[in-house]
Amino acid sequence: MSTTVANGAATRRQPTRKHWIYPHSRASNGTQNGPPTGDSSAAIAAAELSRSANLPLIVAELLVARGVRTMEDVDRFLHPQLDHLHDPYKMSGMRDAVPRVQQAIQNREPILIYGDYDVDGTTATVLLKTAIEMLGGEVRFHVPHRLKEGYGMRDEVLETAASEGVRLVISVDTGIRAFAAARAAKSLGLDLIVTDHHLPEIDPISGTNIPQAIAVLNPNQPDCAYPCKHLCGAGVAFKLAQALLEAHDAERARTKILPSFLKILAIATIADAVPLLDENRTFVALGLDGLRRPVNAGLRELMKAANLDPSQRKLTPVDIAFRIAPRINAAGRMDIASDVVELFTTRQPQRAQELAEKLERLNTDRREAEASILTQIEERLKEPAFQEARCIVMDGEGWHRGIIGILASRIVDQTGKPALVITHEEKPDSQKEEKPDSQKIVIPSEAEGPAFRDDQQEPRVPHFRAPVLGAKVREQDTNPAENNHTNKTAHGSGRSVPDFHLLNAIETCHDLFTRYGGHAHAVGFSLPSSAVPELRQRLETYARANLTEDQLGSPLTIHASLPLDRITPALFTWLRRMEPCGMGNEEPVFAAQNVRVASPPRFIKDKHVRLQLAQGPRAITFPAIGWHWAECIRSMNIEQDSILHLAYKLRENDHPEFGGLELEICDIEIAH
C-alpha cells in the first residue's frame, strides 16, 4: 500500500509457483487457486462492523481478520496513541523488579545488562542501559559473540562480573531458559532479573519452568496477565524502563523520554517480526513517526549510511527491515554486536559516523559473501539430485556461519522445499582428539526468517516466523563413527515449508548430532562432517514419507477478493490507514478472477513486465507491474486478450507523468 515499492525487486529471482491460501475458513476450491467459498462468522462480523463504523466492507473484513470487532477496537487500531500503552505493572514480576533496580541505583551498585547479538537483543540493551543511566545508575553490558559464545548466558561472564563488584544482573532478550546460569548467579551472590519474551521450558533438574531470579519479566510465563503476549525482547525491556522512568517523573517520561525510546523500539519490533497488533502496533506507529526527527547521533548516521532521508518521506517497515535492520544485524553476523550498543549510546558525532560506516562495510561484506555462496548454490540446485530431492541438504567448505540461515531461507524461497545449509570447518586443535561435549543449542536469531528477512532484496511474505518460541532443546553425547574427515566439523541451519515439522525431522537423526535444537520451521545443529551424507539420506527418506508433492511450493495468503472494477482512490486511502503493515498485519494481497489482458505485454530490461489489465462490465483498465515476471509471462504464452486469475497488491505510483494507482503482481494463473 505504501508509495515505496522496493527497488531491490531488480535482484529478486524468478517467481516460484504458489498455492493460494484463503485464511479464516475461506478455502480455495479444490486444487485450483479459485475464489473463497461459503460463509463464516467472520463475514457476518465484518458486515456488522462495516455498518456500525461506516467502513468499506473489504476494510472491515481485513480488520476483523486482525481481531478488530468493536468501534473502540477500530479507533485504537486506526489511531494509535501513547495512552494505548499498557500499564507495565500488569506484567508479572514487575513489582519485584522495579524496587531492586531502584535500590541498585540508589546504592550505586554496578549493574550488568546481559544482552543478545541480534537487533532485538542489542536494542534492548540500549533501551534499558539508557533508562538506568538517566536515573543515575552505573551500567555495564555484555553482548555475546555469535560464533565464539553463541546464544544465552554463560557462567564465566557472570563470574567475571561478580569479581568486578556487580551484584545485579539483568538479562534482555534471553534468560527464560537459563536455569544453569541462574543457579550459577545465585552461587556467586548475584541477584538476577530476567527480561525475555521466548516461551518458557521445563528445567529437567528443578522441574520448574522459570529460572531462579529476583524477578522474571516475560508476558509468556505462566499466570502472567499482561495483555500483549507478543512483545519482542526489546519490548519487555522497554516495559521495565517505562516503569522505572514513570516512577521517577511520570510527566517527563510520558512527554519526552518514552516517545524518544519508541524510535529504537520500533526498529526492534519490526526486525524481530512479532505481530504488529495491540501494543506492538502502537510502538511501531509512533516510533516510525518519531523517526522523522531523529536526534540520536548513531541513528542519524545509520540512516545516512542506508541512504534514508526521513525529512523527505516517512519511513516504512520495509525501510526498517531491509535497510536499517540488516546493517545492525551485520555487526553480530560478521563481527561483534557490541558496536551497535556503542553506536546508539555514544554522544560523539564523529564516533557515531565511524561506527555507522563500519556497520555499512560489514553489511556489504555480508551481502557479498551471501551472493557468492548463493551463486554456487543456485548452480548446484540445477543438478538432478537436488531437482528430485524432497528435502535439500546443501553443504560447502568454509561458508560463513553467520549467513547460512539466510541462505537456507533463499533455497526455500526458490524451491518451495525444506532446506538445510551446512558449512564445513576445521576443528580447533583442542577438539581434534576429544569426544564432542554434550551441549545444548537453542535456536536464537540465527533462525530468524522474519516477516521481513535480513537482506535488501524485494520484500515478500515468508513461509514462517522463526523465533525461539516453543523451541525444543536436546543434548547429545553420541560420537558418530568417524572416517577420513575427523578434523572437520559441520555446522548447519535449516528452514522449512509450512507443512513439514523440521525439528521432528532432524530428531529422527539425533544420533548423528553433537548438538541440535529448534522448532517446526527452523533448526540449527552441529555434527561431524563425515556424518553429512548419512544425514542427507535419512532426511530424504523421512521427507518422502511425510511430505507430499502437493505440500511443496510457496504459499500465498489471499486476504480478500477485490475485483479490479471495485478499486477506487477512496478505498486506497482507507487501506493506507491500516499501515504500518508487517507480521500479523500483513500488507493485503487481493485476488481478482477472470481478468483480461487489455494490450500486449511490455517487457522491461528483459526481466520485468508491464501489463494493462481490465475486468468487469465497465472494463476499467489498471496498469500492473511484475518484477522478474518476464520469463514467466513468456512461458505461459500470456498475450493480449488472455484471461487470468490474478493475485496482487495495490500500489500508488508517484511518477509525475504516469502516476496513479497500479497493481503489483504477486501471482498469475491462466483461467481455464
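The model is a predicted one, so local features are taken from residues with pLDDT of at least 70 and side-chain atom pairs from pLDDT 80 or more, while totals for chains, interfaces and linings use all residues. Residues are numbered from 1 along each chain as its sequence is written, and side-chain values rest on heavy atoms, with hydrogens and water left out.

To start with the overall picture, the protein chain holds 19 helices and 20 strands. Both are DSSP runs numbered from the N terminus: H or I with at least four residues for helices, E with at least two for strands. Of the 672 residues in the chain, 57% are buried. Here buried means under 20% relative accessible area, exposed means over 50%, and partly exposed is what lies in between, using a 1.4 Å probe and protein chains only. A contact means heavy atoms within 4.5 Å. Looking at contacts between residues at least 6 apart in sequence, 72% join residues at least 24 apart.

The largest nonpolar core takes in 84 residues. Such a core is a set of buried Ala, Val, Leu, Ile, Met, Phe, Trp, Tyr and Cys residues joined through side-chain atoms within 4.5 Å. Helix H8 gives the most to this core, with 20 residues. The residues with the most contacts inside the core are Ile-132, Ile-170, Phe-238, Leu-240, Ile-324 and Phe-344. With neighbours within four places in sequence set aside, Ile-132 is in contact with Val-101, Ile-105, Ile-111, Gly-137, Val-139, Ile-170 and Leu-244. There is also a second, separate core of 44 residues, and Val-64, Leu-613, Trp-629 and Ile-633 are among its members.

Helix H11 covers residues 317-334 and counts 18 residues. From first C-alpha to last, H11 reaches 24 Å, close to the 26 Å expected at 1.5 Å a residue; the expected span is 1.5 Å times one less than the number of residues. H11 has a kink of about 40° at Ala-325, shortly before the proline Pro-326. That bend is the angle between axes fitted to the seven residues ending at a residue and the seven starting there. Because 15 of its 18 residues are buried, H11 is largely enclosed by the rest of the structure.

Turning to the rings, a search of the whole structure finds 5 aromatic pairs. Rings of Phe, Tyr and Trp (its six-membered ring) pair if their centres lie within 6.5 Å; planes under 30 degrees apart count as stacked, over 60 as edge-to-face and the rest as tilted. Phe-238 and Phe-283 make an edge-to-face pair, 5.5 Å centre to centre with 70° between the planes. Phe-238 sits in helix H8 (residues 233-271) and Phe-283 in helix H9 (residues 278-290), so this pair ties together parts that are 45 residues apart in sequence. Phe-238 is buried at 0% relative accessibility, and Phe-283 is buried with a relative accessible area of 0%.

Another edge-to-face pair joins Phe-500 and Tyr-542, at 5.8 Å centre to centre and 65° between the planes. Phe-500 belongs to the loop between strand S10 (488-495) and helix H16 (502-507), and Tyr-542 to helix H17 (residues 532-546), so the pair ties together parts 42 residues apart in sequence. Phe-500 is buried at 2%, whereas Tyr-542 is partly exposed at 21%. Elsewhere, ring pairs link Phe-513, Tyr-516 and Phe-525 into a cluster.

The charged end of Arg-281 sits over the ring of Phe-77, 3.8 Å from its centre, and Arg-634 lies over the face of Phe-603, at 4.0 Å from the ring centre. For this, NZ of Lys or CZ of Arg has to be within 6 Å of the ring centre and within 35 degrees of the ring normal.

Lastly, the backbone has some details to look up. A cis peptide bond joins Glu-579 and Pro-580, with omega about 5°; Pro-580 is in the loop between helix H18 (569-576) and strand S15 (590-597). Asp-278, in helix H9, has a positive phi near 55° despite being a residue other than glycine, and is partly exposed at 39%. Asp-606 has a positive phi as well, near 60°. Asp-606 lies in the loop between strand S16 (602-604) and strand S17 (608-615) and is exposed, with a relative accessible area of 55%.
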